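Me: I've got this one open and would like to go through it with you. Can we start with the aromatic rings?

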Amino acid sequence: MSTVTDPDMETRPGFAEMFTPKLVTVLREGYGNRAFRSDLVAGLTVAIVALPLSMAIAIASGASPAQGLYTAIFGGVMVSALGGSRFQIGGPAGAFIGLVALTVAEHGIAGLALATLLSGLVLMAAGFLRLGTYIKFIPYPVTVGFTAGIAVIIAASQIAPLLGLAPAVPEPGPLAEKLPVLWDARASLSFPALVLSLGTIGLLAGLKRARPHWPGMLIAVVLAGAATGLFALPVETIGTKFGGIPSGLPVPELPRFGPELVVAVLPNALAFALLGAIESLLSAVVADGMTGRRHRSNCELVGQGAANIASSIFGGFCVTGTIARTATNVRAGAHGPVAGMLHSAFLLVFILIAAPLASYIPLACLAGILAVVAWNMVEKQAFATLLRASRGDAAVLLTTFGLTVFRDLTEAIVVGFALGSVLFLHRMSQATAIESHVPLVAEDQADTEGDARAPYAGRDPRFPDVIVYRISGAFFFGAAGSIGSVLDRISDQYRALVLDLSAVPLVDSTAANTLEMLAHKAERRGTRVVLTGTTHALRRELFAHGIKPPLVRYEPSIEAAMRYIGPAD
């Protein structure tokens, strides 16, 4: 029987295959008219979603709507062409709103462009160093808390345009400073802006329930823009705020370099890279779950890095894989990365043909769209489940959420990951146990090679001076101290110690050092040490730390160890 090999499902690819873009893989398989038609429909569908969203995210980030479109066009095409996922859609992401706004406030648009380029270089380096394999190990409570915190930041950033407020002073970024400024500006509330924003939210919610396959965001933007133009509503629009969007493409230009500026924006670039890596790989995992495919994480990071470099050169800002647009791409029937490239092409056509129409789009409508995006970002059921699951998970979740909202996104990820790691180590150490049995085997089992983990049947008078300890679980630094203290209490009355490791999957250097010290201590006391049930990998690790004959004896089972020790005289 012949079998079909799916190139996406390779478990241990070579170096060249690891960094081969999925576009190349798809074209190698054979790309025909049917696949192109599927990608064409999917690309158009995603472009309809990405058009208002890219402009809304850019405006909320302190950039221009044109920059958001440039990011989706140039960054998006590079993500699809060079990335390691078949279905990834790249563009500006809501998760970056806080970071981008902070970078613009601190270093201006020039600093944002340089930070984007540097983040691209960092992402490419991370990919070539194969760090993508490890980024996916971020604990689930961290991602849930982080995503919920970003949603709060996005929602808070849209309060002013949602209500049509005009603060007397520039709106601060931090939430605790922002709210008093917005409260002081409450008298400037605009009723037309409020109606437009609430109407946008209501329309999106209604279409999602009644017509979920309709392009709700585009419909809302068209209707709001038409109403603003026809009735001359006194609300702020893309035209009044930014003068519209250009009907052509920017001239490629490298960001302004300078040693002082590089040093100043480097922390922002590292934050872009870290968040971009997490967001893009999480989006690729979502696409894998929807399609049964498997992305190449390190290739994806390289593609994301190239996309950020291209975006910075063509006037955009940081780009990453976007979960909502990627999921839309999958649901629309995309065949491969060509769909993402076509999505960028459709956005380019919009700029070249319909750019003047964007001037009528009210900012209140885009704020309503982002408010819905923020609401959908929160994994409400997962948040509630983690709060109930355990105190440890709840602590990690709430710490990450709080730091994201009130402190810093990078700090939230680092601290959340550290807390999650400590929680994991604590649970692993609790799962590691040590049991003692004196004496070891029943008389009718003494001469039989049996299961090393068989239960023991009471006292055997032949071995009154032999003690057995059985360790179960991972023997690592988190458990080495408690196990070592138990073993240290062995008195001089025993002529042999049998340590059964048949239920130990791994031993780290700390645990190996504990065993080495125990063996030397037993040798000075004249006590023989026999290790049983060790795997080849375990013995190799122990041998590397000097735990080998004649210091210790290795036997396949406890019963074999008893035959080696022999009965008491």
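Me: How many aromatic pairs does a search of the whole structure find?

Reply: Six aromatic pairs turn up. Rings of Phe, Tyr and Trp (its six-membered ring) pair if their centres lie within 6.5 Å, with planes under 30 degrees apart called stacked, over 60 edge-to-face and the rest tilted. One of them is Phe 96 with Phe 272, an edge-to-face pair at 6.1 Å centre to centre and 65 degrees between the planes.

Me: Which parts does that pair tie together?

Reply: Phe 96 sits in the loop between strand S1 (90–91) and H5, and Phe 272 is in helix H13 (residues 259–291), so the pair ties together parts 176 residues apart in sequence. Helices (H or I, at least four residues) and strands (E, at least two) are DSSP runs, numbered from the N terminus.

Me: Before I go on, what am I looking at here, and how are residues numbered?

Reply: This is a predicted model, where local features need pLDDT of at least 70 and side-chain atom pairs count only at pLDDT 80 or more, while totals for chains, interfaces and linings use all residues. Residues are numbered from 1 along each chain as its sequence is written, and side-chain values use heavy atoms, with hydrogens and water left out.

Me: OK, back to Phe 96: buried or exposed?

Reply: Phe 96 is buried, with a relative accessible area of 1%, and Phe 272 is buried too, at 2%. Buried means under 20% relative accessible area, exposed over 50%, and partly exposed in between (1.4 Å probe, protein chains only).

Me: Why is the pair of Phe 543 and Tyr 554 tilted?

Reply: The ring centres of Phe 543 and Tyr 554 are 5.5 Å apart and their planes are at 40 degrees, so the pair is tilted. Phe 543 is in helix H23 and Tyr 554 in strand S7, 11 residues apart. Phe 543 counts as partly exposed at 37% relative accessibility, whereas Tyr 554 counts as buried at 16%.

Me: What does Tyr 554 pair up with as a bridge partner?

Reply: The partner of Tyr 554 in S7 is Leu 531. S6 and strand S7 (residues 553–555) pair in the parallel sense over three bridges; strands pair if DSSP finds at least two bridges between them. Right-handed means that, with the strands pointing away from the viewer, the path from the first strand over the helix to the second runs clockwise.

Me: And what's on the S5 side of S6?

Reply: Strand S5 (residues 496–503) runs parallel to S6, joined by five bridges. Leu 497 stands opposite Val 529 in S6. S5, helix H22 (residues 509–525) and S6 make another right-handed β-α-β unit.

Me: How many residues of S6 are buried?

Reply: Four of the five residues in S6 (residues 528–532) are buried, so the strand is mostly covered.

Me: Switching topic, where is Ile 483?

Reply: Ile 483 lies in helix H21 (residues 477–488) and counts as buried at 2% relative accessibility.

Me: Last one: is Leu 203 buried, partly exposed or exposed, and where is it?

Reply: Leu 203 counts as partly exposed at 26% relative accessibility, and its place is in helix H10 (residues 191–210). The C-alpha atoms of Leu 203 and Met 217 are separated by 8.9 Å.
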